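I set out to record what I looked up in this structure. My entries follow in the order in which I made them.

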Amino acid sequence: MRGAPTFRLPTRSPGLGGAQRPDTGPRGSAPDTGHRGSAPGAATGWRATETLSRSLVTGTVCALLAVAIGRPDLWVLGAPLLVAGLVALVRRPPSHARSPRVLSVQVRNRSLHEGQATVLRTELTGVPGQEQLTRQVDPTAYVDVRPAASAKSLLVDPAGDTHHVDLVLGARRWGLREVGSGLVAGTSPWAGFRWGPVAVPGTSLTVLPATAGFASRAQAPHPRGLVGAHQSSRVGDGSEFAGIRPFTVGDRLRRVNWRVSLATGELHVVETRAEEDTAVLLLVDALSDVGASDGVDGAASSLDLSVRAASALAEHHLRTGDRVALRVLGPVGSPLVGFGSGSAHRTRILSCLARLRAGRVDDQDTPRLRVRVPDGTVVLMLTPMLDHLAATMAATLARTGQPTVVVDTLPTEVEARGESARSRAAAATAWRLRMLEREVILGEVARAGCPVVPWRGPGTLDDVMRRLARRAQLPRVMSR
Amino acid sequence: MMAQVRQGARAAAGSASPSGWGARAVVVATPFVVLAAGTWDGARVGWLLAALVALGGVASAVQPTSHVATGTLLLLVLFWWWWVPSASDAPVLLAAAALIAFHVATTLSAYGPPTMDLPGDLVRRWLGRGLLVWLVALLAWAAERLTSPSDVAVVLALVVVGGVAWWAAFRFGPTTETGQG
């Protein structure tokens, strides 16, 4: 294989049955791949197993003792073991099969959603004379492996040159995961010879956040686009009734209201409101991650809620034809996606959400967090609102006149953790103080004209968006 | 060595699969079957020997890829040679079966970590092999019974067993693919 570092053979045969781990290179040095052990293609040779030596040594000792001291019963004891050893020797791997190699480690789907599963396939080549194959996978956070033991053994055809072993991986939480690293080993018939265990590097798996069912019938406050599902304030082609006016040149005949026309003796047409798309900016607060995260079916942390809510909102708005952008309030390198629409854009947003990491923002990075959004853009800020920075950003956006909604993603229950009862009590007190401080922040945000709604899934935004739409029709004064 | 044994014991106790437990239980139990067969034949088993055998069995179960199992087997052979002066028919066949079971179970345990489920086809294949090599013991015993108990009988038995070994090697040569993927 190309440029693969050579896997140094272990000084003794550890096998996979015990608790020992294989050597991964010269003492104190790791291969350049950054993985434990060898890269795909690393080779190791066949070695006699302890099974072979056990049967041959015990059988030979029995035979010698039987002949030397005239004890045929010892031969009865040793003959089966000697036979097993001899058969294992006869069935040794062919001489040309000295370099078994891991050809590839790949997942069937490089990207999948939380709760979905994929197949991890490890392909081996150059292993004729092999009867059995064992593959073990190192545990990865939020990734379940089936079989549950994270190891699989299977019989293979000794005449074959290429074999593969499949394990099923189930993703429980969004994020970028390194899966599949572990060990692989094989044995010849009658377990006389073994190659490996060889360290196998992992492969990357992108777990996209689940698009929890979300639907909203609320209209955007300031739709400014071409074609969409939101009622615009201007008159145009649409279905929502706006008024009746006298016929002018250019009006379509199907718009004529015959009842009014007959009553007035003059042609009148029905006016409708235009239906336009809107721009939606999803602003995800990744400054902190509060609460336990147990995957898609378990407890959700604040960042879990934010990411899944952002995913659901993006899915909904893109489905209705809106333009959606993503901005992350988080450490340097946080993902950023511009406005766009369509399924490819949806994938882009979900991929960026999967790469999201919680972290603080340095003071010098604060200017980077200034958000400039086009007029009429609906800003949906998903935040547990535990940081003044998030509150400042929400208030600033609201004061510029942008319709801004804060979606509260703080989990309902956050367990106070600590090693002792005293430390847990102290943590609980600190958390209560934090909650009081948060109440103050939320009040300030609401006074700045930014409604705050807790994330409840479908219908979360209906009421608040209707109120924002009504407010948008009123005359207003804004600061820029 | 002891650290490895302790580490292996923790791993085994933590999350061994039922089949993994089964194989390791056989590894621990079968040496005592050999002692019992010897006792049946009139041998007296001292506490020290029993403790050594128990230690060897447990260590072999915890570290099936080490050479502890070889040491345990040799200890059992030594016991048979020294403490069982004239073995009769049934006990020696029982002891041979126990030694084969110990060997097969240790081999199965060495295929993977204790948490790994042993595939049924692999277990069945090794049960068949165990039975086959026990037939070798039966042949050796029959050869010993048919001729006078002398060195010639042992050599004859060796020839018979060698022939069976070669036959078995080629009879069970090509194996079939049973569980790809």
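How many helices and strands does the secondary structure of chain B come to? I found seven helices and zero strands in chain B. I took helices (H or I, at least four residues) and strands (E, at least two) as DSSP runs, numbered from the N terminus.

**Conventions.** I worked from a predicted model, in which local features need pLDDT of at least 70 and side-chain atom pairs count only at pLDDT 80 or more, while totals for chains, interfaces and linings use all residues. I numbered residues from 1 along each chain as its sequence is written, with chains lettered from A and ligands numbered from 1 in the order in which they are written, and side-chain values use heavy atoms without hydrogens and water.

**Chain B overall.** I read the elements of chain B from the N terminus as α-α-α-α-α-α-α. Of the 181 residues in chain B, 48% are buried; buried means under 20% relative accessible area, exposed over 50%, and partly exposed in between (1.4 Å probe, protein chains only). I then looked at contacts (heavy atoms within 4.5 Å). Among those in chain B between residues at least 6 apart in sequence, 75% join residues at least 24 apart.

**Salt bridges.** Side chains of opposite charge can pair when their charged atoms come close. I counted a salt bridge where a side-chain nitrogen of Lys or Arg lies within 4 Å of a carboxyl oxygen of Asp or Glu. By this rule I recorded 14 salt bridges over all chains.

I found A:Asp73 and A:Arg71 joined by a salt bridge at 2.8 Å, N to O. Both A:Asp73 and A:Arg71 are buried.

I found a salt bridge between A:Arg121 and A:Asp166, also listed at 2.8 Å, N to O. This pair links distant parts of the chain, with A:Arg121 in strand 4 (residues 117-125) and A:Asp166 in strand 8 (residues 162-171) of chain A, 45 residues apart. A:Arg121 is partly exposed, with a relative accessible area of 27%, whereas A:Asp166 counts as buried at 13%.

I found A:Asp408 and A:Arg438 in a salt bridge at 2.2 Å, N to O. A:Asp408 lies in strand 20 (residues 404-408) and A:Arg438 in helix 7 (residues 421-447) of chain A, so the pair ties together parts that are 30 residues apart in sequence. A:Asp408 is buried, with a relative accessible area of 14%, and A:Arg438 is buried at 5%.

**Helix packing.** Two packed helices are described by the angle between their axes and the distance between the axes. I used axes that are lines fitted to C-alpha atoms, for helices over the stretch in contact, with angles from 0 to 180 degrees between N-to-C directions.

Which residues make the contact between helix 2 of chain A and helix 4 of chain B? The axes of helix 2 (residues 72-90) of chain A and helix 4 (residues 68-83) of chain B come within 10 Å and cross at roughly 160°. The contact is made by A:Asp73, A:Leu74, A:Leu77 and A:Leu81 on one helix and B:Leu73, B:Val77, B:Trp80 and B:Trp81 on the other. Helix 2 of chain A and helix 4 of chain B are therefore roughly antiparallel; angles under 35 degrees count as roughly parallel, over 145 as roughly antiparallel, 65 to 115 as roughly perpendicular and the rest as oblique.

I found helix 2 of chain A packed against helix 5 (residues 89-109) of chain B at about 25°, with axes 9 Å apart. These two helices are therefore roughly parallel. Among the residues that meet here are A:Asp73, A:Pro80 and A:Ala84 of helix 2 of chain A and B:Val92, B:Leu99 and B:His103 of helix 5 of chain B.

**Backbone.** I found a cis peptide bond between A:Arg146 and A:Pro147, with omega about 10°. A:Trp190 has a positive phi of about 65° although it is not a glycine, and A:Trp190 counts as buried at 3% relative accessibility.
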